[in-house]
Each structure stands twice: as structure tokens, then as C-alpha cells.
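Let's take a friendly walk through this model together. Please have the sequence and the 3D view open as you read.

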Amino acid sequence: MTDRTLRQEVLAARRIVVKVGSSSLTTAAGGLDADRVDALVDALAKVRSRPDAPDVVLVSSGAIAAGLAPLGLERRPSDLARQQAAASVGQGLLVARYTASFARYGVRVGQVLLTAEDASRRAHYRNAYRTLDQLLAMGAMPIVNENDTVATAEIKFGDNDRLAALVAHLVRADLLVLLSDVDGLYDGDPSRPGTSRIELVRGPHDLDGIEIGSAGKAGVGTGGMVTKIEAARIATGAGIPVVLTAASQAADALAGRPTGTLFERTGNRSADRLLWLEHASSPRGALHLDAGAVEAVVHGGKSLLPAGVTQVDGDFTAGDPVDLLGENGHIVGRGLVNFDARELPRLLGRSTRELAQELGAEYEREVVHRDDLVVLRG
């Protein structure tokens, strides 16, 4: 690919997810930068105005950062309660700013707050897809964010890069664009002389030996290049190419110009919600499996039955995600369990027919159904 060649993956995309980080929308002191928000909206509106305009979904960080200054906080707090308070104040400000900016183009916005764990559940997954799809069909701009006021794991350990990859999969996007304060992936620290931008990543092997930084410049977000590489891995593995570039170059990236770094797809597209279960859920416990159950689940594509469970760890309720462990303690899968932790001990090692005869027909069911199970190790 040369600098004179437009990226056909971008130009052919009929549905695009764009993710922007906190550092690209706010100041280090907290508060939204109206000019930066307007510049991003200008780029997105330009895409929507094309004759062959693709659908666009925006995944936007910035709620916590936007709430800092109004609450008198000088920096992002470390405790969860104040992070959630800042998110509560900042989310309204963030959407109000987007609403005003998109109104310049006659575009309405729709706020969609997601929790990653909820989206791994079948009914919630379908509802999230229908909502986003309908907003796009009605010409609105969906603005997605993690529901920071209730989703503890995302605030503490990640940022919206991974969420954006999962949303791209959810809405069956053809392209994911990750916007940051860095104009692509470099083969070293971009601030050091002699490093250069990597224009194309064909697969994980292209990243061998690459020094990947873990922090952004502005200090108001939680992500860095590590989370962006992980998001690119998730998306490309699901058949979705990724462009990583600076927010200031959003217009060029969306026009197919070779800015930033392009990650080529490495897997095939699927409509499987289990990608969320694998990458976004936090297990509430674990089930230990005997050798026969491991074989049935991992290689046989079977559901997990009570007869194959030898031990239960954790305190979970029916519908929660749990890890499935082999005899050596290694994780072999993850699934949504159909029983509470307190119910399972008396069921272990017993057949569903036996349980139904003794306890009733409602106990003649799988511990984890194969439709709610993802294999993590083969």
C-alpha cells in the first residue's frame, strides 16, 4: 500500500463504528473542549453527507473527565464512588455537547449506555442490537458509552476501546476506527528519535518485538496503546478491519486516506453474542469439570450437565457468567450458569433424569447450555 492508494476497506464499509477517547475531547484539568468535540462532529457529519453514506455509530469516552471540573475535582479520582459521581454529572454534559454540535447539521443523537456483562445475556444482546439498528434506520447518531455509574469493572480496569470492538461486532460493522491522541502504532516510543509509524498490521506476528506503551498523554483516560491493540485483536478476529489514528486526523481516516495504522481482518464475521461473553464478562465463580465433561464441552460441542461437575467455587446466581475449569485448574470455557451456587452442590455427579425424578422436572436441565457457552482453550 502506498501513500497514493486509498484504503478500500474504509471506502467499502457500509457501517462504521468510531471510538474517541477522553484525551481527545477534554482537557487534563477536566471539562469538555468544545472545539475538539465540534471538530470530531464535523468529520462524522461529512461522512454522513456522502451520496453513499455509511451508517455511523459513535462510542465516546469522556463522561468521567467531563464531570471533574463541575464537581471541583482537580484530577480523576482513584476511588470508585467519586468516579461514578463524576460519570453521572459528566455523561449529561457530554451528550448535551454532542446534541448541540450535531444539531448544526440537523442530526439528532441517541444516547445508549451499555454494560458489557448485560450484553452477554441473550435477551439484552438482542435488545441492544435492535435499539442501535433502529436509531440508524431513523437517521439518528447513536452515541454509546459504558454505563460507568453501575459498571464497576470497566471503570477500574479498562476503557472504551474494548467496548468499541464489541459494539462493532454487535452492530455488524464493516470497520472500526479508534481515535486517540497518537496518530497510529509506532515501532517504539513515538517521543524518541528514530521510531516510525507502522502503516499496516496483517496479523499478531507483525507486532512481535514492538514496544507498546500503556498510558495516554492527557491523564484523563484509563486506556493506552495496550487497550487499543487488544480492541484491534478482538475486532479483526471477528472479521472487522481497524484503523487506529489521531482524532485530529479523523476526516482523513474516514475518507480512506492512509493515515494511522490499518489492522487487517484475521478472522471471519459472525453474529455470535458469545464474543461478548468471552471478552466482556466478569466471571462470578467457577465450575470444576471432570475429564469426560471437558471432552464433551471443548471438543464435542455439548452442554455442561450436572454429572460432569465435581466442584463449585464462588457465590453466583442463575444467569451469571462462570469459568469452566479442567482437572488441572486451567480455564477451558466460560458460560452462563442455569443454577444458583447454593443449588449446585447437591446436583453434582448426578444425571438429569435422576434429578428430575427426585427433585422435579425443572431440574432436568443443563448446568450451562451450549448456546450460552464459549470455549476458551482447545
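## Buried, exposed and in between

A residue is called buried when its relative accessible area is under 20%, exposed when that area is over 50%, and partly exposed in between. By that cut-off Asp340 is buried, because its relative accessibility is 16%. Please keep in mind that this is a predicted model.

Asp340 has a charged partner: its side chain meets that of Arg342 in a salt bridge, at 3.3 Å from N to O. Is Arg342 buried or exposed? With a relative accessible area of 69%, Arg342 is exposed.

Eight strands make up an open sheet, and their order across it is 3-4-2-1-5-7-8-6. The pairing in this sheet is mixed. Strand 3 and strand 6 (200-201) are found at the edges, and each has a single partner strand, so one side of each has no neighbour in the sheet.

Within the sheet, strand 1 pairs with strand 2 (residues 55-60) in the parallel sense, over six bridges.

## Salt bridges across the sequence

How many salt bridges does the structure hold? There are 18 salt bridges. One of them joins Arg15 to Asp133, with the closest N and O atoms 3.0 Å apart. Arg15 belongs to strand 1 (residues 15-20) and Asp133 to helix 6 (residues 122-137), so this pair ties together parts that lie 118 residues apart in sequence. Arg15 counts as buried, because its relative accessibility is 12%, whereas Asp133 counts as partly exposed at 26%.

Another salt bridge is formed by Arg104 and Asp38, whose closest N and O atoms are 3.9 Å apart. This pair also links distant parts of the chain: Arg104 sits in the loop between helix 4 and strand 3 (109-114), while Asp38 is in helix 2 (residues 34-48), 66 residues apart. Arg104 has a relative accessible area of 44% and is therefore partly exposed; Asp38, at 18% relative accessibility, counts as buried. Which residues are linked with Arg104 in a network of salt bridges? The network is made up of Asp38, Asp42, Arg97 and Arg104.

## A buried lysine

Now turn to helix 9 (residues 225-237), where you will find Lys228. Lys228 is buried, because its relative accessible area is 6%. What does the side chain of Lys228 make a polar contact with? Its partner is the side chain of Asp161, at 3.2 Å.

Setting aside neighbours within four places in sequence, Lys228 is in contact with Lys19, Asp161, Leu178, Ser180 and Leu244.

## A nonpolar patch on the surface

Our last stop is on the surface, where Leu71, Val89 and Leu93 form a nonpolar patch. Together these residues have about 210 Å² of accessible area.

Val89 lies in helix 4 (residues 80-103). Is Val89 buried or partly exposed? Val89 counts as partly exposed, because its relative accessibility is 31%.

Note on methods
Residues numbered from 1 in each chain as written. Predicted model: local features only at pLDDT ≥ 70, side-chain atom pairs only at ≥ 80, totals over all residues. Heavy atoms only, no water. Patch = residues over 30% accessible without salt bridge, like charges linked within 9 Å, V, L, I, M, F, W, Y side chains within 5 Å. Areas by Shrake-Rupley, 256 points an atom, 1.4 Å probe, with all protein chains shown as cover. Salt bridge = Lys/Arg side-chain N within 4 Å of Asp/Glu carboxyl O. Helix = DSSP H or I, 4+ residues; strand = E, 2+ residues; numbered from the N terminus. Buried < 20%, exposed > 50% of the residue type's maximum accessible area, 1.4 Å probe, protein only. Polar contact = N/O pair within 3.5 Å; in protein donor to acceptor, adjacent residues only side chain to side chain. Contact = heavy atoms within 4.5 Å. Pairing = 2+ DSSP bridges.
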